[in-house]
Each structure stands twice: as C-alpha cells, then as structure tokens.
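Try each task yourself before you read the solution under it.

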Amino acid sequence: MRKIWLLGLLIVSMLSACDKDDNEVAPGERPDERLNQVLSEYKSQLVNAEYGWKATLFPEGGAGYSFLFDFSENDRVITRSDINAGTAAPLESTYRLKAAQLPSLLFDTYTYLHILADPDATKSGGEWGEGRVSDYEFSFDSVSPDSIILTGNYNDSRLILVRATADEASNYISRVNENAQTFENINNFTSYFKQLEVGNQSIDIVVNTDLRTITFTYDEGSGVRTFTTSYYFTPEGLRLLQPLNVGGLVITSLNEMQYSAFRNRINLTVNGTEASIQETSSPAYVDPQVARTFYNNPPNGAYWRTVNGFTVEGVVDTFNVGSIANLELITLYIQASPPYDGLIFWTTDGKFFGPALRSRFTDDGRIVFTYGGEFGTTPEQAAPMVNATREQLTIPEGYYVIRTGPNTYDLVSAKDGKTWISFQ
Amino acid sequence: MNMKYIRLFLLLFSVSFISSCSEDDDPDTPLPNLGGETWVQGPLDTWLYQNFVTPYNIEVKYRFDRYEVALNRVLVPAREDKVIPVMETIKKTWIEPYEQEAGATFIKSLAPKQFVLVGSAEYNTNGTITLGTAEGGRKIVLFVVNDFDPKLESEVKQMLHTIHHEFAHILHQTVMYPEEYKRITTGYTASWNDFSLVDARSRGYITQYARSSPDEDFVEMISIMLIEGKEGFDAIVNSAPESAQTAFRQKEQLVVRYFKEAWNIDFYSLQARSQTAIDAL
C-alpha cells in the first residue's frame with residue numbers, strides 16, 4: 001500500500017514538470033514580432049529594388065525636390081538629387097528602419113535630403129533655425145510593390161518613392177536637372193517682367209527659383225487676380241503643386257522646355273500646345289490700387305526698408321549703396337505731414353541723410369517720386385551712391401508696384417522694366 | 001525516518017529535478033528599440049570602437065537619434081565624413097594631453113561616457129545658438145560638426161572650449177575647488193549675457209558666461225587657459241585693467257593649486273601639452 005502511495009507521489013511529481021507555453025497570457029504572435037517583421041519587410045522592399053527608387057520630397061515648407069535613392073542591405077544609401085548644382089553626384093550615407101510610434105525610415109546621417117531641413121539658412125535657403133521645414137525621418141503611410149508613400153515624423157513633409165527602371169537609374173536625376181537648369185535661365189532675363197504666353201493669353205509670372213515658387217497674375221475680365229504655387233521638376237518638365245485655372249485652361253505642368261539665349265525666351269508646351277516665357281518691359285496686368293496699398297501700409301507704420309538698393313538689369317546694388325561707410329539702414333520714410341517722404345540713409349553713428357520726395361499716384365497704378373530737397377547732410381563719401389540712387393528713384397515715368405509677399409513689394413521702373421528696388 | 005523513505009525522497013527529488021523545465025532566459029523576440037540600437041557595422045563604427053570604446057569606454061553616437069537631443073529644435077544629423085576629423089581632434093587635443101600628464105586611469109575614470117554628434121547648431125528662441133551641452137558629466141552633445149574643419153584654429157578652439165568646460169565641471173564635481181575661489185570676484189549675475197566680453201574681463205571674468213556663477217567661472221578659466229595656452233592667457237590678462245589683472249592672477253594660482261592638490265597634475269605642463277597638440281593639427 002505504502003509502495004503504491006509512494007509510486008503515486010513519484011508519478012505526480014513527474015507530471016508537475018512545468019510546460020512553459022501554458023503560461024502565455026495571450027497566445028499568438030506578439031506585437032514585437034509583428035513589428036519586427038514589418039520593419040524587415042519594408043527594408044527588403046527598399047533594398048530589393050534593383051535600380052533603386054526615384055523619389056519626390058514635398059517639404060511642409062513648400063516646393064518639391066527629386067531624388068534617386070539606392071538602398072543597400074548594410075544600412076547604407078546612395079543619394080542623388082536636384083536640389084542644387086552640386087547634388088547630382090552620388091553621396092553615400094546611412095539609413096535605418098525603426099519603430100518610432102510607427103514603422104519609420106530614418107536617414108540618420110547627413111545627405112542631400114537634409115539640406116532642406118538644415119536650420120543653417122545659408123545651407124537650406126530657408127529661415128534661420130527653421131530651414132525649409134522639411135523632414136528626414138518618415139513613417140510608412142502606404143506601401144505597394146512599386147511605390148511607397150511616407151510622411152515626415154516631425155513636419156509632415158511627404159516623400160513619395162517609386163521603383164526606378166534601369167533607364168531611370170542612370171539618367172533620372174540628370175534629366176530632372178536639365179529641366180531645372182533650362183527653367184532657371186529665367187534668372188538671366190534682364191527685365192523684371194516675364195510673361196507666359198499660352199494660346200491667346202498673356203499671364204504675368206514672378207518666379208523665385210531658390211524657393212521654387214511661381215506667382216501668376218492674370219485677368220479673366222473680373223479684375224486682376226494672382227495665384228502662387230510651388231513647383232518641382234520632373235524628367236518631362238516643370239510641375240505645379242496646385243494647378244492654375246485660367247480662361248478655361250487648367251495648367252499643371254510646363255513641358256518640353258527649351259531656352260533660347262539669343263531671344264531671352266523659353267519655349268515650351270502646355271497641355272500639348274506651344275507656349276513661351278519671355279521678358280517684357282511692362283506688366284500685362286496692373287492692379288491700380290496696389291501702389292496706394294504699398295504707400296499707406298509701411299510694416300511699422302512709418303517706413304519701408306530696402307537692403308540692396310537698386311538692381312539694374314539683374315545686377316544687385318548697382319549703385320553700391322552697400323559701400324556707404326557705417327551704413328545701418330535705408331528707409332523709404334512715409335510722411336504725409338509735412339508732405340515730404342524721404343529715401344533716408346541711416347548710419348551706425350546716428351546720422352541720417354538722403355533726398356526728400358513727394359509721391360503721387362497715376363491712374364494706371366504707378367507711383368511717381370519727385371525730388372524735393374535734402375534731409376540732413378550727405379557725407380562726401382556717400383554722395384555718389386546717394387545721388388545715383390536719387391536720380392534713378394525720381395525718373396518721371398515712375399514705378400510699377402509689385403506685391404511679392406505678405407509684406408514685401410518690388411518697385412519696377414515704368415521706363416523699361418529693367419531696374420527695380422525691393423522693399424520690406 | 002527510515003532509510004527507505006530517505007532514499008525514496010532523494011529519488012523523487014532527483015526525478016523531479018530532471019523533469020523540471022529548462023528555462024530559456026532570452027525573450028524569443030527582441031523588443032524593438034530596447035536593448036540598444038543595432039545596424040550593420042561599417043568602417044567608421046570599427047574606428048570608433050577601436051579608438052574610443054576599447055581604450056576609454058566612450059560611446060560616440062553619430063547616427064541621429066531624436067531622443068538624445070532637444071525635441072523642439074530643428075537639427076540635422078552629422079555628416080559621416082566629419083566624424084573622424086572631429087573625434088580625432090578631440091582625442092589629440094583633449095584626451096591625450098590629460099593622459100600624458102595624469103595617466104590613463106585618470107581619463108578612463110573621469111571622461112564623459114557618451115558623445116552625441118549633431119550636424120547643425122541648436123538655434124534658441126532668444127537668438128543665441130548652442131554649440132555644446134553636457135548632462136551630468138555623463139554625456140556631451142556636440143553641435144555644428146558638419147562645419148568642422150581641423151585646419152581652422154577658431155573652429156578647433158570653439159569645440160575644445162566646450163569639451164574642456166564640461167570636463168572641468170566633472171573634475172570639480174568629483175573634488176571641489178578651494179573655497180576662496182568664490183570670493184576673489186563677487187559680481188556673479190544671472191543676467192551675464194547682457195554685458196559685453198570687454199565688460200566681463202574688466203571685472204575679472206575671463207568670459208561673459210564666467211560671470212554667471214563661481215562654478216562656471218572656475219571651469220571657464222580652465223577652459224580658456226587650456227585652449228589659449230599660457231601666452232594667449234597672459235595676453236588676455238595684460239589687456240585688462242589692473243584690478244582685474246590681480247583677480248585673474250589669483251584665480252590662475254588657485255586653478256594651478258587645485259590641479260596639483262586634487263589630481264596631482266602640473267597645470268602648466270598640461271597647458272603646454274595642450275597647446276602643442278593644437279598647434280600640431
């Protein structure tokens with residue numbers, strides 16, 4: 001009896017050996033397993049594209065930029081881009097796939113992509129401490145075999161990857177760059193005013209090639225309208241982020257661009273129709289109110305400020321105001337009573353000088369300045385620069401006033417459209 | 001209890017021992033983001049391992065990690081090709097002079113354990129920029145490494161300034177400096193940044209920031225004396241008004257005494273080595 005009892009004890013003690021799996025609280029695949037699996041799937045998709053990925057980045061701060069990425073198994077990536085002339089050459093850096101709230105693709109050492117996010121304004125061309133409001137850490141939004149859409153973790157920029165072909169691997173960025181260079185010849189135009197001629201329509205355009213924005217000014221019969229959008233380049237041409245709707249025409253891209261240096265003209269096609277961009281001496285459309293708006297609304301209630309003085313035929317600060325000794329500030333002082341405005345130069349030692357002006361407005365929207373004496377005494381050293389600026393400013397034809405931003409205006413010579421001054 | 005029972009119990013015990021499960025302590029799935037970052041090691045990782053981890057137990061984090069730095073600042077990662085120039089310069093001009101002067105154990109036990117490299121500066125809302133930060137003597141974040149050029153003396157000095165500054169904090173937090181240092185000049189103020197460098201120096205403070213507190217004053221003195229060398233430091237002192245010169249010389253003596261008494265380091269010899277290293281770049 002005792003033996004049976006003891007044998008029973010033995011059997012029980014053997015049965016009691018633990019089985020680990022029974023302790024699992026929630027049977028099935030764990031979240032970590034699933035996450036790691038997703039990360040490795042994403043990685044192998046990135047790595048296994050034989051010819052890499054062509055990509056377009058749309059920084060939250062505007063514009064769009066093209067890239068070609070070649071991801072390797074060893075967590076390294078080769079990048080080419082059209083950001084500037086120096087970014088077409090391949091540059092190698094590192095990347096990582098990591099779960100940060102969502103499965104993410106991190107470009108964790110510097111490559112061209114980071115130029116746009118660089119808080120150093122001299123590198124990004126954006127604001128100090130801000131850059132172009134872009135990203136280099138992205139989470140996966142949607143993935144199909146041949147395309148991946150990502151969103152920036154920090155600023156919500158968008159990065160779209162599309163599997164490249166053998167052909168694109170070799171020439172995608174060079175073709176994009178070619179279009180960028182062709183279009184950026186617009187900076188060689190010596191006139192301020194540029195017009196897009198398409199069909200029988202003329203549309204004034206103002207282009208900022210650094211920030212890749214374009215402003216269209218047109219009139220469909222119901223008054224002058226302006227429309228600003230960012231753009232980016234594709235192998236086909238220039239693509240607008242938001243399409244322009246004008247006169248029954250929807251313009252999404254400018255294609256087949258060709259630059260003629262001889263005529264200062266870019267020939268192109270819009271929706272298959274021939275079109276062109278060329279310089280003109282005066283704008284097609286002028287808002288007759290804008291000159292008064294400018295005059296009545298200096299940003300601080302008192303004056304507008306210019307940094308570089310006059311640009312003549314594309315040469316910034318033609319009259320060399322930057323060389324005035326101790327120059328601190330150049331202001332267009334608005335002073336209705338007594339009725340003298342002034343283009344006043346201020347120096348760091350507390351002196352000020354410059355021409356007194358009387359300002360009037362014409363019916364077609366120009367502002368005309370006439371000379372009315374001097375404020376202060378212009379030092380001998382500054383006299384040539386101040387006098388040249390005064391003579392230019394008081395031309396009888398006056399100036400077209402072009403609004404270039406919420407608080408920035410350009411005054412463009414109505415004489416020939418080749419001389420202008422920016423105020424902020 | 002008779003023998004039979006004991007034998008049976010032993011048997012039972014051993015059987016139950018055999019049948020008990022063998023527990024595998026490793027979790028079957030590595031948890032994402034726990035247990036350290038992993039990536040395929042490249043030549044740069046090997047270089048850092050050989051030159052910083054093995055000899056000094058210092059980790060150099062050059063791949064961007066959002067959570068090592070301020071979350072509300074716009075920053076960019078370091079360029080890979082800048083990592084070795086930056087770290088080599090640090091090794092030659094900071095670690096090696098100390099190592100030669102105070103021995104290997106000194107630097108191994110006191111050096112901060114982590115360097116985090118960031119490509120850009122940190123832009124602050126008050127219009128200033130941050131070039132380096134240190135957290136509790138353990139971690140140093142170095143900014144603007146993408147602009148680093150070992151051939152530019154100003155760049156090298158600016159970076160070394162940060163490192164010497166932070167390392168000196170570790171030193172005085174380990175062994176306190178002489179109490180009388182705090183009484184040499186007494187115009188410490190939280191609004192130090194409202195005054196010019198000339199103003200600070202005319203009051204006996206080697207930099208503007210030195211005026212913020214005795215601790216900062218002490219480490220700024222050490223940092224400037226090491227990056228400018230004896231000659232450079234003397235030139236700064238001699239250009240100051242006479243009252244300030246006296247204060248500078250008193251502070252200098254206390255720094256020298258502190259290094260001797262606390263760490264058995266000949267400060268002037270360290271200063272000379274440091275200068276030679278900077279000049280040799």
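**Exercise 1.** Find how far apart the C-alpha centres of domain 1 and domain 3 of chain A lie.

*Solution.* Start with the bounds, which come from an automatic or database domain assignment: chain A has domain 1 (31–164), domain 2 (182–280) and domain 3 (290–423). Next, take the C-alpha centres of domain 1 of chain A and domain 3 of chain A, which lie 45 Å apart.

Before going on, keep in mind that this is a predicted model, where local features need pLDDT of at least 70, side-chain atom pairs count only at pLDDT 80 or more, and totals for chains, interfaces and linings use all residues. Residues are numbered from 1 along each chain as its sequence is written, while chains are lettered from A and ligands numbered from 1 in the order in which they are written.

**Exercise 2.** Trace the order of the strands in the open sheet of chain A, and say which strands stand at the edges.

*Solution.* Strands (E, at least two residues) and helices (H or I, at least four) are DSSP runs numbered from the N terminus. Two strands pair if DSSP finds at least two bridges between them.

- Step 1: the sheet has 9 strands in the order E4-E3-E2-E1-E9-E8-E7-E6-E5 (chain A), with antiparallel pairing.
- Step 2: strand E4 (91–94) and strand E5 (96–100) of chain A are at the edges; each has a single partner strand, so one side of each is left without a neighbour in the sheet.
- Step 3: from one strand to the next, the twist averages 35°.
- Step 4: look at one pair, strand E1 (residues 53–58) of chain A and E2(A), joined in the antiparallel sense over 5 bridges. Thr56(A) has Ser66(A) in E2(A) as its bridge partner.

**Exercise 3.** Where is Asp75(A) found, and where is Asp156(A)? Why does each count as it does for exposure?

*Solution.* Asp75(A) sits in the loop between strand E2 (65–71) and strand E3 (76–81) of chain A. Its phi is near 65°, a positive value in a residue other than glycine. For exposure, count other C-beta atoms, placed from the backbone, within 10 Å of the residue's own: 20 or more is buried, 12 or fewer exposed, and in between partly exposed. Asp75(A) counts as partly exposed because it has 19 C-beta neighbours inside 10 Å.

Now turn to Asp156(A), in the loop between strand E8 (147–152) and strand E9 (158–163) of chain A. Phi of Asp156(A) is also a positive value, near 65°. With 13 C-beta neighbours inside 10 Å, Asp156(A) counts as partly exposed.

**Exercise 4.** Describe how domain 1 of chain B touches domain 2 of chain B.

*Solution.* The assignment for chain B gives domain 1 (40–172) and domain 2 (175–281). Their centres, taken over C-alpha atoms, are separated by 22 Å. Residues are in contact if their C-beta atoms, placed from the backbone, lie within 7 Å; here 21 residues of domain 1 of chain B are in contact with 21 residues of domain 2 of chain B. On the domain 1 side, helix H3 (80–102) and helix H5 (153–174) of chain B each supply at least two residues. H5(B) gives the most to that side, with 10 residues.

Definitions and conventions. Contact = placed C-beta atoms within 7 Å. Axes fitted to C-alpha atoms, helices over the stretch in contact; angles between N-to-C directions.
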